[in-house]
Amino acid sequence: MKVLDSILACNEEAVVFKKHLAEIPDQSIRDFMENLDKKDLDTSWNEILVIAQDGKLLTRSKLKKKLQLTIGVIAASFLLFIGSLTFIHYHTNDSYKHLSSLAGGPQFTLADGTAYSLEDSRALDALKKKHSLNFSNKSMLLENGNSSGPIEGLNTIEVPITEDYKIVLPDGSKVWLNSESKMRFPFAFGDKREIFLDEGEAYFEVSHNGDKPFIVHTPRGKINVLGTSFNVNLYAIHKEVTSLITGKIAVNAISGETKVLLPGWESSVFSDQIRTAENFDQVSTLGWMSGVTYFKEASIYEIAKAMKRWYNVDLTIDDDSSFLDVKLRGKLFKEAPVQQFINDMNETKVVTFYWINTSLHCKVGEYAQY
């Protein structure tokens, strides 16, 4: 809903369209939903337009011309409308399955495709009974060998913006997932302990087992582990940064190149080539685990992405070209109001953040260095 609201708020005509949708009587919604499964998409769409336009039937093309909306905004409005209808309909019928899929927070999808919200108490109860999983505050514990589910398939957890989550794997290894992260893993390990970090950032504490190597697969290659702790960051496009805290790991690029890291070393895989750098800043790298993101010589684009991940705030950058060589320093505290970070950055006079209604903008400040 937050994402859809932000899309709709960017277009005045979309706001009008949303207002029409909000005025639909509850009974009309219920009547529509009762018969939704019996209709094809075209019929359903036209009925939505009948309801939204006070009984005046409009075709797709006429509606587009009338409101002058982009296809994207129409789609967002349609999704907002259908999402609201679906929630009301299934809430009325107390349908657990659909309520679960509409709830917020991290999403957990089993190997068979069944999806659950990890903020839905009934979903957690169902998972506990069927798969012997334990849950506590923003964490999941997999009990080795006790699941009744298929152990060969991969389950998926997706952590949305503003959230984080911890998983204790069947071998006792622990994984902390940052916002906008996606990981796949089995309910039990075979001869190898293999998981897949597809997106985002994760910190690993791997239990030692010399007979079963632990392997983290990423879009850029894989990381071979015995027993150690390390951080993997995939936020930058086409780049993987692996930072070793304790133990020893081997980073393997898709190209076949391999680098062995020792504690305090950090590797960057970019364009399938590995680069290493010794003595990375551990406080800065692991700050996200305690709710702090550190910026050191960061671009405004890196800061914009971090603000989106933790605050769900979209930053509009005025005059893109002016920021090409501007580097910024600062701290972003997840639990503090976003305005505190804005005030801190504005005090540097390197950048200026300002609001236009509910839209946050940024321009180069008077002390910017090029």
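This is a predicted model: local features need pLDDT of at least 70, side-chain atom pairs count only at pLDDT 80 or more; totals for chains, interfaces and linings use all residues.
A pocket here is an open set of points on a 1 Å grid over the protein atoms alone, where a 1.4 Å probe fits, with protein on both sides within 12 Å along at least five of seven lines; lining residues have an atom within 4 Å of a point.

I noted which elements give two or more residues to this lining: β13 (229-233), β14 (239-246), β17 (265-270), β18 (273-278), α9 (282-285), β19 (292-298) and α10 (300-311). Helices (H or I, at least four residues) and strands (E, at least two) are DSSP runs, numbered from the N terminus. β19 gives the largest share, 7 residues.

I read the volume of the largest pocket as about 900 Å³, the space filled by probe spheres set on the points, with grid points joined across faces, edges and corners.

Next I traced an open sheet of 9 strands, with mixed pairing, in the order β2-β1-β5-β8-β9-β11-β12-β15-β16. Its edge strands, β2 (115-117) and β16 (258-261), each pair on one side only. Two strands pair if DSSP finds at least two bridges between them.

I then checked β1 (residues 107-109), which pairs with β2 in the antiparallel sense over 3 bridges. T109 has A115 in β2 as its bridge partner.

For reference, residues are numbered from 1 along each chain as its sequence is written. Local features need pLDDT of at least 70, side-chain atom pairs count only at pLDDT 80 or more, totals for chains, interfaces and linings use all residues, and side-chain values use heavy atoms, without hydrogens and water.
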